[in-house]
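Please keep the sequence and the three-dimensional view at hand while reading.

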Amino acid sequence: MDTIEHGPHKQTADEFKRELRRYVDERIDALQIPTEHIDLLDARAVAGHMIASIPALHLHPYDEAAGPFYDSAGLEKWLGVSRQAINKRVHSGTLISARLGGGKHVYPAWQFMPNGQVYPALLPAWLLLRKHSDAWTAILWLSADDPELDGHSAADWLTSDRDPEPVYAAARADVARWSA
């Protein structure tokens, strides 16, 4: 039976699905959708968007170190945007992405707020790192636990309303070392 790393323990795929269903049920019950609005909703479309928001595991060596990741199709559906819009954001540096061996792009799930926006504090570090390294090096740098950040990764630090300057300083220091 497949197991999934989840926090401090492992759980089976079935346990994960049960837990996911429980949380979805709780959220749906909390919505209290008025009966007169039910006809406006398409349950299949809503389910499709919910499933699209679950990152996919690509069985890539970096999944465990820096994942999970969204693929382009899942991100398009979740965000409700075109592939061209995603590519534009990648090229402008406002979306963190790396290319797999076959040319497909993947997008680390940790960069996204629940509303689908990228945490703004991540982008200055991402752009600095990308100026001096490839995308995978930058993603792994952001994902690695750092003793200087109380054992947190830069990504965790920058997505939790902490002062971003320690991460930016560490990125500048590492970039300077890489350039020397």
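**Briefing on the chain**

D150 is exposed, with a relative accessible area of 64%. This residue sits in the loop between α7 and α8, and its phi is positive, about 55°, although D150 is not a glycine. The model discussed here is a predicted one. The points below move from the whole chain to its cores, a pocket and several individual residues.

**Overall architecture**

- The chain contains nine helices and five strands.
- In sequence order, these elements follow the pattern β-β-α-α-α-β-α-α-β-β-α-α-α-α.
- The chain has 180 residues, and 33% of them count as buried.
- Among contacts in the chain with a separation of 6 or more, 48% are made by residues 24 or more positions apart.
- The accessible surface of the chain is about 11,600 Å², and carbon and sulfur atoms account for 55% of that surface.

**The nonpolar cores**

- In soluble globular proteins, nonpolar side chains tend to be buried together.
- The largest nonpolar core of this chain has 26 residues, and the members that touch the most others are L142, L158 and V167.
- Two or more residues of this core come from each of α6 (122–132), α7 (135–143), α8 (154–158) and α9 (165–179).
- Helix α7 supplies the largest share of this core, namely six residues.
- A second, separate core has 11 residues, including L75, W78, Y107 and L123.
- When neighbours within four places in sequence are left aside, L158 is in contact with Y119, A121, L122, A125, L142, P164, V167 and Y168.

**The second largest pocket**

- The second largest pocket has a volume of about 200 Å³.
- Its lining consists of 13 residues, and those nearest the centre of the pocket are V90, S97, W126, R130 and A135.
- The elements that each give two or more residues to this lining are α5 (83–92), β4 (98–99), α6 and α7.
- Helix α6 gives the most to the lining of the second largest pocket, with three residues.
- By type, the lining of the second largest pocket divides into seven nonpolar, four polar and two charged residues.

**W126 in helix α6**

- W126 belongs to helix α6 and is also one of the residues nearest the centre of the second largest pocket.
- Is W126 buried or exposed? W126 counts as buried because its relative accessible area is 4%, below the 20% limit for that class.
- Not counting residues up to four places away in sequence, W126 touches G93, L95, I96, S97, A135, A138, I139 and L142.
- W126 and L142 are 16 residues apart along the chain, and their C-alpha atoms are separated by 8.0 Å.

**Helix α4 and L75**

- Helix α4 covers residues 72–79, and its buried residues are S72, G74, L75, E76 and W78.
- L75 lies in this helix, α4, and is buried with a relative accessible area of 0%.
- Which residues does L75 touch, not counting those up to four places away in sequence? The residues touched by L75 are Y70, G80, I86, L95, Y107 and F112.
- The C-alpha atoms of L75 and V106 are separated by 9.1 Å, with the two residues 31 positions apart along the chain.
- G80, which follows α4, has a positive phi near 70°.

**Residues in loops**

- S153 is found in the loop between α7 and α8, where D150 also lies.
- S153 counts as buried, at 3% relative accessibility, whereas D150 is exposed.
- Leaving aside neighbours within four places in sequence, S153 is in contact with L142, S143, A144, D145 and D146.
- The C-alpha atoms of S153 and W141 are 8.2 Å apart, and these residues are separated by 12 residues along the chain.
- D161 lies in the loop between α8 and α9 and has a positive phi, near 60°, although D161 is a residue other than glycine.
- D161 counts as exposed because its relative accessible area is 83%, above the 50% limit for that class.

Methods. Residues are numbered from 1 along each chain as its sequence is written. This is a predicted model: local features need pLDDT of at least 70, side-chain atom pairs count only at pLDDT 80 or more; totals for chains, interfaces and linings use all residues. Side-chain values use heavy atoms; hydrogens and water are left out. Helices (H or I, at least four residues) and strands (E, at least two) are DSSP runs, numbered from the N terminus. Buried means under 20% relative accessible area, exposed over 50%, partly exposed in between (1.4 Å probe, protein chains only). Contact means heavy atoms within 4.5 Å. Accessible areas come from the Shrake-Rupley method with a 1.4 Å probe; for residues, only the protein chains shown count as cover. A nonpolar core is a set of buried Ala, Val, Leu, Ile, Met, Phe, Trp, Tyr and Cys residues joined through side-chain atoms within 4.5 Å. On a 1 Å grid over the protein atoms alone, a cavity is a set of points where a 1.4 Å probe fits but cannot get out, and a pocket is an open set with protein on both sides within 12 Å along at least five of seven lines; lining residues have an atom within 4 Å of a point. Grid points are joined across faces, edges and corners, and a volume is the space filled by probe spheres set on the points. Ala, Val, Leu, Ile, Met, Phe, Trp, Tyr, Cys and Pro count as nonpolar, Asp, Glu, Lys and Arg as charged, and the others, Gly among them, as polar.
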